[in-house]
Amino acid sequence: MEQAFDLIVVGSGAGALLGAIRAHDLGLKPLVIEKAPLLGGTSATSGGGIWIPCNHDMARGGLKDSVEMAFGYVKTCAKGLASDERVLAYVETASVMARYLDQVGVRYRAMPKYADYYPHVAGSLPGGRTMDPVDFNARKLGHEALETLRPTNPGQLIVGRMQMNAFEAQTILARERKAKLVLAWIMLRYFVDYPWRRKTARDRRLTGGQALMGGLLRALRERGIPLWLNAPLKSLSVEHGRVSGAVVERDGSAVKVTARKGVLLAAGGFERNQAMREQYLPQPTDQAWTATPPGCNTGDAITAGAEVGGALHLMAHSWGAPTLFVPKEEKYRALFVERSLPGCLVVNARGERFVNESCPYPEFQQAMYADHARSGNAIPAWIVFDADFRRKYPIGPLPPGEAVPDERLRKSWLGAVYWKDATLEGLSAQIGIDAAGLAASVARMNDFARTGVDAQFGRGGNVFDRYYGDVNVKPNPNLAPIGKAPFYAIKLWPGEIGTKGGLLTDQDACVLDLNGQPIPGLYCTGNNAASVMGPAYPGAGSTLGPAMTFAYRAAAHMAGQAIALERVDLLDGHA
Ligand code: FAD
């Protein structure tokens, strides 16, 4: 039977749900379809951070921003690979969208000390543009609805159960004085919440991507917006040159759904499609290295959009991050910040450092590929640390040794997650890297730790690096000697937290054809679309912020209330 809506939203990540909610509030009748049995996609497993220039919470931290500054910054970062109109649309509308999130019950606060990722680029700020979701009480959603939301990833849980927000994570990692108190408070809250835990093992306090998606799910349900799970998009329907609906698989049958105003593709990237990875991404590449949920983002809606004439852009780029394998976990874990802590270094198979370990994760992944292209030795790379590091800090699935000593780690992890030896030479032999090279790199690092200056790669030389340093370590919070046996290593792969190439869109998220003309009725956002950030990652939240902002603009366009650009004087040709 054919069904009719104003708008079909494909996917159920952050951009998808925000788009459906906004469309509803503008008077449209949306349907959300999701191919997986759980909703939320990678967005639900994410940190939930959003990068919002000029956001409403910056003033609280005494921070000043302007559209002009943010536009200049993103434009430089995008290197001409995103149109100025889209960049302007983003920096102008992101703050409007963030206020709207607040209105629909998804609250955010600015992170005043979390710096933009390129502190050396004009227009960057030392903090404030990245926003973290305020904790969300899952009781507002109910435990049954919570069970339909994809759970977070193990990296964001304490002892596999309790959620922590970005502020708490930073306090714990940086070993601030209140770190132990914060940890104890998180655990206590969880264990005394007995009535809730009788219903589900999942924490009632949702943080990060769970808070974002929990809040959006509640807003979706309050509005009675239908969401079909296990309902993949199969193809787009076109009538008289306009996308008029979609064919969706439901309960084993193909259902034709009409969309009077349009279809919003928000079905993620293609990181789980090995053939597309081989066709587009730098080599070597393996879908297993990605940190996103298996089976979800296989590029279906990128292909569907291309089949109706959509142009593809930025297909060789990803939101890179080093990842590591943990047995029995469904996906690799991203190693976002532990590299930055003092007392570790990362080397290639020659035992040589090739990058500032504290740099942002996308730069780190790109450095792995660059060094591999030069030396053939950086995939995999190895993070090496000593007993002091192991004792003090968590890394990957290993909690700090002072909390969980080696004897209490899972036996199966030794030789699979981490390697360990009494000497650096023995460790090199175990992991098959050049022992003399590693010894020389460690000796050099130890000199840098004494002087506080990494003369090779400048680690700890800027505000971003220092954010995830250890405040107690002097003179450089990112550098400490590596000398106390035993020594450890963990293998790193050039994974990602999503791909960033997809359908080319304009400032209203309308999909463009090969001649640069909008395809009527077809909209796209999130990793389904080519990123507004070009090849760059301007700050934490650069994927979710644009996913929701362009969904917001798409809904307005579909409702006949397109949002005009204001500072057109900033565009080339208007200056
Ligand atoms: P997703 O959220 O992945 O949603 C896509 C959905 O579409 C999936 O549910 C999928 O099943 C569905 N789908 C696919 N094909 C079909 C089909 N044919 N029919 C119907 N549905 C389909 N980014 C940030 O900005 N800030 C962060 O703090 C952050 N932290 C992260 C932490 C981790 C550990 C990871 C892994 C990622 C993080 N990211 C972060 C990246 C971010 O989560 C993703 O880039 C973002 O969620 C992508 O959103 P999306 O809507 O494009 O895709």
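I began at the ligand and found one of its oxygen atoms 2.6 Å from an N or O atom in the side chain of Glu34. I note that this is a predicted model.

A polar side-chain atom of Thr543 lies 2.8 Å from an oxygen atom of the ligand. On the backbone side, I found a polar atom of Gly49 at 2.9 Å from a ligand nitrogen atom. I then checked the cover: the ligand has 1000 Å² of accessible area on its own, and the protein covers 97% of that.

I went on to the shell. I listed 34 residues around the ligand, and the nearest are Glu34, Ser43, Asn527, Thr543 and Leu544. Sorted by class, the shell holds 20 polar, 11 nonpolar and three charged residues. Which helix gives the largest share of the shell? I found helix α2, residues 41-45, with four residues.

Then I turned to Thr285. I located Thr285 in the loop that runs between α10 (274-280) and α11 (300-307). Is Thr285 buried or exposed? I put Thr285 down as buried, because its relative accessibility is 9% and the cut-off for buried is under 20%.

Last, I looked up its neighbours. Leaving out residues up to four places away in sequence, Thr285 touches Gln274, Arg277, Glu278 and Tyr369. With Arg277 there is also a polar contact: the two side chains meet at 2.8 Å.

Definitions and conventions:
Residues are numbered from 1 along each chain as its sequence is written. This is a predicted model: local features need pLDDT of at least 70, side-chain atom pairs count only at pLDDT 80 or more; totals for chains, interfaces and linings use all residues. Side-chain values use heavy atoms; hydrogens and water are left out. A residue is near a molecule or strand if one of its heavy atoms lies within 4 Å of it. A polar contact is a pair of N or O atoms within 3.5 Å; within protein, one must be able to donate a hydrogen and the other to accept it, and residues adjacent in sequence count only if both atoms are side-chain atoms. Accessible areas come from the Shrake-Rupley method with a 1.4 Å probe; for residues, only the protein chains shown count as cover. Helices (H or I, at least four residues) and strands (E, at least two) are DSSP runs, numbered from the N terminus. Ala, Val, Leu, Ile, Met, Phe, Trp, Tyr, Cys and Pro count as nonpolar, Asp, Glu, Lys and Arg as charged, and the others, Gly among them, as polar. Buried means under 20% relative accessible area, exposed over 50%, partly exposed in between (1.4 Å probe, protein chains only). Contact means heavy atoms within 4.5 Å.
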